[in-house]
Amino acid sequence: MARHFMNTKIKPNWAGVGLLSQFVNLLIQTKPIYSLMKQQARQVMIKTAEKNGISWRKNCEILEQSDVKQRLMEIANPDITYPDYYQVPFHAYSEGNLCWQAAFEAASATYSIGLRVWPQENLTWEAAQNRLRSSFHQLLGQYISSKVQDILDIGCSVGISTLALHRFYQQQQEDPVRTVGLDLSPYMLAVAKTLDVDGEISEWLHAQAENTGLPSNAFDLITLQFVIHELPNAPTREIFIEIWRLLRPGGYIALVDNNPKSPVIQNLPPVLFTLMKSTEPWSDEYYMFDLEKALQEVGFSEPVTIASDPRHRTIISRKL
Ligand SMILES: C[S@@+](CC[C@H](N)C(=O)[O-])C[C@H]1O[C@@H](n2cnc3c(N)ncnc32)[C@H](O)[C@@H]1O
């Protein structure tokens, strides 16, 4: 169930321009420390995942042996120019999202993130992932009153969010739901297409979210699931403008991402928040950004913001 936190602090002290934040940033900018942190973050993540039944290395091997690499040419859009903010090291990968290693590990990393949300409850990773997705879908069901037929999942990565969202809407109706997954990494999309074994998703589209090339007024619902914390503020604004163009009048934008007001996020242990900041370079901008205001500046209705789980918030708004 969604919960409203009674919390007056609007962001963690480790993000932004305060002293603690500056100290952490200095640590991260110190190259030998940064590279040690990256290594450690990676090792801890893999170890914890495997201890919890996520077959991290096995999942990579299976993909390595599949025909995924042949899909890259089919999917990659040769006209794409990658923006600078996207070509920086990310999640401990020096090539960010633009490499096979990031794409092969993305599903396991996504399952691990689910486990972190309810650490006290001893959930299996499958149950945690279902709960993470359902907490978002439940809110969509609650706040979206019109029919949802055409969906765009922006920043779909390897398609876990896209498939779950598609199935949520498809199981409610007989008419076919048309869902498109869009991402800037052709490696992620090649894996997404491989994992979409029954071809449930209409298109896995390689495009930049700021300038998708898709037709105007074509979607009822556009989601950004765990994407914005990976972006600087300027492209986030541009993506909101593009989403406005793509939505039909009355259509909805829904995003779910880290909740700056979450007590769990605000009270992360120093090692964890330093690691987080060291592997996600746009964190500071994200935690300082007023997303609701930015949506309204583009013309969206006054957004509804709900703490959809202990770490994340869901924001829903409408193109009037
Ligand atoms: C954390 S992943 C999203 C995970 C996925 N939506 C889920 O919920 O499991 C963020 C994704 O956003 C994509 N991305 C980042 N900037 C983008 C942009 N400007 N246009 C399109 N995709 C972008 C990245 O390539 C990455 O795959």
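Tutor: With contact: two residues are in contact if their C-beta atoms, placed from the backbone, lie within 7 Å. The model is predicted. Leaving aside neighbours within four places in sequence, Lys193 is in contact with Arg71, Ile75 and Trp204.

Student: Where does Lys193 lie, and why is Lys193 called buried?

Tutor: Lys193 belongs to helix H8, residues 186–195. Burial requires 20 or more other C-beta atoms within 10 Å. Lys193 has 21 of them, so Lys193 is buried.

Student: What makes Asp67 exposed?

Tutor: The limit for exposed is 12 or fewer C-beta atoms. Asp67 has 9 inside 10 Å and therefore counts as exposed. Asp67 is in the loop between helix H3 (56–65) and helix H4 (68–75). From the C-alpha atom of Asp67 to that of His312 is 35 Å, and the two are 245 residues apart along the chain.

Student: Why is Phe226 called partly exposed?

Tutor: Partly exposed is the class between the two limits, 12 or fewer and 20 or more. Phe226 has 18 other C-beta atoms within 10 Å, so Phe226 is partly exposed. Phe226 lies in the loop between E4 and helix H9 (233–246).

Student: What is the phi of Phe226?

Tutor: About 60 degrees, a positive value although Phe226 is not a glycine. Most residues other than glycine have a negative phi. Ser157 is another case, with a positive phi near 55 degrees. Ser157 sits in the loop between E1 and helix H7 (160–170).

Student: Is Ser157 buried or exposed, and how do you know?

Tutor: The threshold for buried is 20. Ser157 has 25 other C-beta atoms within 10 Å, so Ser157 is buried. Ser157 is also among the residues that come nearest to the ligand, with Gly155, Ser161, Ala209 and Gln225, out of 21 around it. By class, the shell around the ligand has 10 nonpolar, eight polar and three charged residues.

Student: Which strands stand at the edges of the sheet, and why are they called edges?

Tutor: The sheet is open, with seven strands in the order E3-E2-E1-E4-E5-E7-E6 and mixed pairing. Strand E3 (203–206) and strand E6 (304–307) each have a single partner strand, so one side of each has no neighbour in the sheet. On average, neighbouring strands of this sheet are turned by 20 degrees against each other, direction ignored.

Student: How do you know that E1 and E2 pair?

Tutor: Pairing takes at least two bridges. Strand E1 (residues 150–154) and strand E2 (residues 178–183) have five bridges, in the parallel sense. Ile151 stands opposite Thr179 in E2, and Ile154 stands opposite Leu182 in E2.

Student: What makes E1 mostly covered?

Tutor: Five of the five residues of E1 are buried. In a regular strand the side chains alternate between the two faces of the sheet. On E1, Asp150, Leu152 and Ile154 take one side and Ile151 and Asp153 the other, and all are buried.

Student: Why are H2 and H5 called roughly perpendicular?

Tutor: That class runs from 65 to 115 degrees. Helix H2 (residues 31–51) and helix H5 (residues 100–117) pack at about 75 degrees, with their axes 10 Å apart. H2 and H5 are therefore roughly perpendicular. Met45, Thr48 and Ala49 of H2 and Ser108, Ala109 and Ser112 of H5 make the contact. These residues divide into three nonpolar, three polar and no charged.

Student: What angle do the axes of H5 and H6 make, and how is it classed?

Tutor: The axes of H5 and H6 cross at roughly 80 degrees and come within 8 Å. The range is again 65 to 115 degrees, so H5 is roughly perpendicular to H6. Tyr111, Gly114, Leu115 and Val117 in H5 meet Trp125, Ala128, Gln129 and Leu132 in H6. In this contact six residues are nonpolar, two polar and none charged.

Terms used
Residues are numbered from 1 along each chain as its sequence is written. This is a predicted model: local features need pLDDT of at least 70, side-chain atom pairs count only at pLDDT 80 or more; totals for chains, interfaces and linings use all residues. A residue is near a molecule or strand if its C-beta atom, placed from the backbone, lies within 6 Å of it. Ala, Val, Leu, Ile, Met, Phe, Trp, Tyr, Cys and Pro count as nonpolar, Asp, Glu, Lys and Arg as charged, and the others, Gly among them, as polar. Helices (H or I, at least four residues) and strands (E, at least two) are DSSP runs, numbered from the N terminus. Axes are lines fitted to C-alpha atoms, for helices over the stretch in contact, and angles run from 0 to 180 degrees between N-to-C directions. Angles under 35 degrees count as roughly parallel, over 145 as roughly antiparallel, 65 to 115 as roughly perpendicular and the rest as oblique.
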